[in-house]
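Thank you all for coming.

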Amino acid sequence: MSPLKPQASYDDFARLDIRIGKVLEVQPFPRARNPSYKVGVDVGAGRIMWSSAQITNYEAAALVGSLVVCVCNLGPKNIAGFTSELLILGAKSAGGQVIVLGPRSEVAVGEPIY
């Protein structure tokens, strides 16, 4: 298990825009260094935001329509010529696969995490 990171203030956490998003589109991303998808997510921003996500252990069709937890304000990142605008949160399983984080019950798109 990893050691705890240095303590952060509540203000550090409050600066992050963490929301519930709904996956609307999943595209292959063969140019990525590690197996990844291009994932279009509705986070209530008035447009689809895109993420490069290393979640290829899921079938693309199974991801569409699912609710995910996203960090929306880390700034754009260029990944193999693709602009990734948000981070879809996940954790590694015991087998090393990324498990996407999502709510246990239905939650509105764009709902903030606190």
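When I say pocket, I mean an open set of grid points, on a 1 Å grid over the protein atoms alone, with protein on both sides within 12 Å along at least five of seven lines, and I count as lining any residue that has an atom within 4 Å of a point. Please keep in mind throughout that this is a predicted model.

With that in hand, the largest pocket is lined by 26 residues, and those that lie nearest its centre are Ser52, Ala53, Gln54, Ile79 and Leu87. Two or more residues of that lining come from each of strand E3, strand E5 (77-79), strand E7 (87-88), strand E8 (90-92) and strand E9 (98-100). The space in this pocket comes to about 620 Å³, and its lining residues divide into 13 nonpolar, 8 polar and 5 charged.

Let me stay with strand E3, which spans residues 48-53 and holds Ser51. Is Ser51 buried or exposed? Its relative accessibility is 1%, and because buried means under 20%, Ser51 counts as buried. The side chain of Ser51 reaches the backbone oxygen of Leu86 at 2.9 Å. Once neighbours within four places in sequence are set aside, the residues in contact with Ser51 are Tyr37, Lys38, Val39, Phe82, Ser84, Leu86, Leu87 and Ile88.

What does Val41 touch, if we do not count residues up to four places away in sequence? The list runs to Gly21, Lys22, Arg47, Ile48, Met49, Val68, Cys70, Leu86 and Ile88.

Finally, let me turn to Ser9, which lies in the segment before helix H1 (10-14). Ser9 has a relative accessible area of 36%, and is therefore partly exposed. Ser9 and Val41 are 32 residues apart along the chain, and their C-alpha atoms are separated by 29 Å.

Terms used: Residues are numbered from 1 along each chain as its sequence is written. This is a predicted model: local features need pLDDT of at least 70, side-chain atom pairs count only at pLDDT 80 or more; totals for chains, interfaces and linings use all residues. Side-chain values use heavy atoms; hydrogens and water are left out. Helices (H or I, at least four residues) and strands (E, at least two) are DSSP runs, numbered from the N terminus. Buried means under 20% relative accessible area, exposed over 50%, partly exposed in between (1.4 Å probe, protein chains only). A polar contact is a pair of N or O atoms within 3.5 Å; within protein, one must be able to donate a hydrogen and the other to accept it, and residues adjacent in sequence count only if both atoms are side-chain atoms. Contact means heavy atoms within 4.5 Å. On a 1 Å grid over the protein atoms alone, a cavity is a set of points where a 1.4 Å probe fits but cannot get out, and a pocket is an open set with protein on both sides within 12 Å along at least five of seven lines; lining residues have an atom within 4 Å of a point. Grid points are joined across faces, edges and corners, and a volume is the space filled by probe spheres set on the points. Ala, Val, Leu, Ile, Met, Phe, Trp, Tyr, Cys and Pro count as nonpolar, Asp, Glu, Lys and Arg as charged, and the others, Gly among them, as polar.
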